[in-house]
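Subject: Structure handover

Hello,

Here is the structure we talked about. Please open it alongside this note; the findings follow below.

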Amino acid sequence: MWYKIKKFSINIYGFIIRFGIAAKRKTEKILSDIPNWDTREKDHPAFIRYGVVVVLCLLVFIVKKMLGPVLGDNLPFMLFFSAILLSSWYGGMRPGILATVLSAIIANVFFLLPSHITSSFGVFVATTLFLFEGVLIAGISNSMHKAVQIQEEKDRFIQYYASIAQNISDAVISTNMDDKIQSWNKGAESLYGWQSYEVIGSALSEVVHTTYGVQQKKEMREELLQEGNWKGELSHKRKNGSRVFVLTSMSLLRDEDNKPLGIVSVNRDISDRKKLEQGKDDFIALASHELKTPLTSTKLYIDVLKQRFEDTHDKKSLTYLLKINDQVRKLLELVNYLLDVSKVQAGKLQFTVERTHIDTFVREVVRDIEQLTETHHFHIEGKTEAYVLLDKDRLRQVLVNILNNSIKYSSQANKVDVSIRKENTHIIVSIRDFGIGIPKEKHTKIFERFYQVDDSKGYTYSGIGLGLYISKEIIEKHNGKIWVESEEGRGSTFYFSLPIIKS
Ligand code: ADP
């Protein structure tokens, strides 16, 4: 009988210890994501952690021996549990278990056996219960200690990042989804002149009065919600009324369920760069304006000379003259581009719109371009019978630019597909080539001023990266949109949409 009880009790104790260790491993696995969550092993060497356990148990033993006859059993048992709790709190789970086992031995040898519990079954039950309670207390104490440490660690993390955001020289501002300002760092205070206590809780748009076009605002919101971030240049108002150009980088903050929480934006003052750019733009505007007049009269004189050489059958001179004419034409084209860019910058691009049958218009332009190329064949499909309001010269400029690009960037192919279709309230024109294509990350960049994609094979193409920039401006001024779909090495499709007018 005694042997069976002993075996059973060994199994039970083994189970208790295994249970304790498994619970510890599980907790540690969950907590292992958080760095430095348990510093006790590093802070105190093993002999101190385990030494404290022994000292505490000895103290309890002495106190219990001294107070036991006066206070009875309960308080002294509470003292054992306190020792276990303290050991586990300061030393970890292992010292906690050691304290439990030591306490159980002391309780057994010095208090249970000599006291009123005389049957071995009674001792077994009491010890088992004691061990259970001890392990439980050690586990709870240990977990609580870890929870406190994790919270402290998290608080340190938060404070650390908050202080980075606070002291960064750029303006870092966060808002909730209703545009109400939640935080405003020192960089924002010095950039805008508002102190954080003056603006927290106010609508950001009212504080900084951002200027952007309706289209830009819509695109920004869409991109922010879909991609999670947006980058661009904006103009903001300061407290003193002056305006400042900023490079803004916005990111959408989401909670654990992926629901949008708010927006954090980092704004960098780029006024100096803008001033330089303005100087460059002014120079380009002036230079191209001054170049246009002599170039136009050179072109006129070339026409006069051409007539003369044709009359005198001077073929050699005529050949040279045609070459000069070609170069002057290219120069004039460039000057016109630069003048257009200056007009776009100053918001002075003029439009004279008229009601236009889009199918006929697109077919005419495509046929004109086809006549000038010997390498490519154009296939047009689709019919909308729709009318749109167009500045024909400007729209021709857009189409010619896209069509010329589709030839220029697809020298190994020989065809270009053009399609015209209707989609709800808009017509969509698409031009598809089978050329070098454009990498995905450049799809929006190519519509920026002077942007050209570096050819991966090192091939250089003529051009200055202005055509699509001007085309975008023209299409947007017609309340339309322009975009590209393309894969590197497989060709590109350029699209533009325009609103249909009711007939
Ligand atoms: P560019 O005068 O340089 O052609 P654009 O503004 O028309 O200027 O085009 C900008 C850039 O976009 C080009 O330099 C080229 O890298 C890229 N690009 C435009 N169209 C195409 C196309 N059909 N295929 C491949 N790349 C293109």
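This is a predicted model: local features need pLDDT of at least 70, side-chain atom pairs count only at pLDDT 80 or more; totals for chains, interfaces and linings use all residues.

Overall picture. The chain has 503 residues, and 38% of them are buried. Its secondary structure comes to 15 helices and twelve strands. Of the contacts with a separation of 6 or more, 64% join residues 24 or more positions apart. The chain exposes about 30,400 Å², with 58% of that supplied by carbon and sulfur atoms.

The ligand site. The ligand is surrounded by 20 residues. The closest are Asn405, Tyr409, Asp433, Gln452 and Leu468. By type, the shell divides into ten nonpolar, eight polar and two charged residues. H14 gives the largest share of the shell, three residues.

- Leucine 468: a polar backbone atom lies 2.7 Å from an oxygen atom of the ligand.
- Tyrosine 409: an N or O atom of the side chain is 2.8 Å from an oxygen atom of the ligand.
- Isoleucine 464: a backbone N or O atom is 3.2 Å from an oxygen atom of the ligand.

On its own, the ligand has 530 Å² of accessible area, and the protein covers 96% of it.

Helix H14. This helix runs over residues 392-408. Aspartate 391 caps the N-terminal end of H14. One of its side-chain oxygens lies 3.2 Å from the backbone nitrogen of aspartate 393. Buried residues in H14 include Arg394, Leu395, Val398 and Asn401. Asn405 is also buried, and Asn405 is among the closest residues to the ligand.

Leucine 129. This residue lies in helix H6 (residues 120-167). Is leucine 129 buried, exposed or partly exposed? Its relative accessible area is 48%, so leucine 129 is partly exposed: the cut-offs are under 20% for buried and over 50% for exposed. Alanine 104 is 25 residues away along the chain, and the two C-alpha atoms are separated by 9.9 Å.

Best regards

Notes: Residues are numbered from 1 along each chain as its sequence is written. Side-chain values use heavy atoms; hydrogens and water are left out. Helices (H or I, at least four residues) and strands (E, at least two) are DSSP runs, numbered from the N terminus. The expected span of a helix is 1.5 Å times one less than its number of residues. Buried means under 20% relative accessible area, exposed over 50%, partly exposed in between (1.4 Å probe, protein chains only). A polar contact is a pair of N or O atoms within 3.5 Å; within protein, one must be able to donate a hydrogen and the other to accept it, and residues adjacent in sequence count only if both atoms are side-chain atoms. A residue is near a molecule or strand if one of its heavy atoms lies within 4 Å of it. Accessible areas come from the Shrake-Rupley method with a 1.4 Å probe; for residues, only the protein chains shown count as cover. Ala, Val, Leu, Ile, Met, Phe, Trp, Tyr, Cys and Pro count as nonpolar, Asp, Glu, Lys and Arg as charged, and the others, Gly among them, as polar. Contact means heavy atoms within 4.5 Å.
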